[in-house]
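Keep the structure open beside the text as you read.

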Amino acid sequence: AQSYSKEAGMEFEKLMLTNLELVFGERDPTRRISAIRNIYHENAELHEPERSVRGHEAISHAVSDLLRQLPPDFVFTALRPASGHHGVGRLQWGAGPAGGPFAVTGTDVVHVEGGLIRTLHVFLDQSDT
């Protein structure tokens, strides 16, 4: 039986932090698509509550649409280390002004194959208001 050790957990941590910072945190589309090509399968899927897209370009466009809706000083921050096993990982995050309170929190859940993201599901937490 294959063992899922701390090493596997570190791979999820690296992959998911890269996704949070260099994909969702990157407002420059040229740099973002480069990061997407490095960490996503060619026909990867992104599933958000209101839509699903497939492929590198479509994922980058979806992130551009999201970032256009957020104030320019918003940043994404991991709330705790990512965890994962058996090809599935999760990362809890918050978004808001740098150094300020989070305006939104959520969880990313990825299915990883061959060290690349095959699917990403984005779950948004319900607000208390």
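Predicted model: local features only at pLDDT ≥ 70, side-chain atom pairs only at ≥ 80, totals over all residues.

Strand β3, residues 74-78, and strand β5, residues 88-97, run antiparallel and are joined by five bridges.

The protein chain contains three helices and seven strands. Reading from the N terminus, the order of elements is α-α-β-β-α-β-β-β-β-β.

Strand β4, residues 83-85, pairs with β5 in the antiparallel sense through three bridges. Gly84 can guide you here, as its bridge partner in β5 is Gly89. The two strands β4 and β5 make a hairpin with two residues between them, and in the turn His86 has a positive phi of about 50°.

Strand β6, residues 104-113, is another antiparallel partner of β5, and eight bridges join the two. Among the pairs to look for is Arg90, whose bridge partner in β6 is Val109. β5 and β6 also form a hairpin, this one with six residues between the strands, where Gly99 takes a positive phi near 75°.

There is one more pairing to visit, earlier in the numbering. Strand β1, residues 40-48, runs antiparallel to strand β2, residues 51-54, and four bridges join them. A hairpin links β1 to β2 through two residues. Which residue in β2 is the bridge partner of Glu48? It is Arg51.

How does the radius of gyration fit with a compact globule, and what is its value? The protein chain has 14 Å, which agrees with the value near 14 Å that a compact globule of 129 residues would have.

Of those 129 residues, 42% are buried. Looking at contacts between residues at least 6 apart in sequence, 42% join residues at least 24 apart.

The accessible surface of the protein chain amounts to about 7700 Å², and carbon and sulfur atoms account for 53% of that. As for charge, there are 12 positive and 17 negative side chains, and the centres of these two sets lie 2 Å apart.

Definitions and conventions:
Residues numbered from 1 in each chain as written. Heavy atoms only, no water. Rg over C-alpha atoms; globule rule 2.2 N^0.38 Å. Buried < 20%, exposed > 50% of the residue type's maximum accessible area, 1.4 Å probe, protein only. Contact = heavy atoms within 4.5 Å. Areas by Shrake-Rupley, 256 points an atom, 1.4 Å probe, with all protein chains shown as cover. Lys, Arg positive; Asp, Glu negative; His and termini not counted. Charge placed at Lys NZ, Arg CZ, Asp CG, Glu CD. Pairing = 2+ DSSP bridges.
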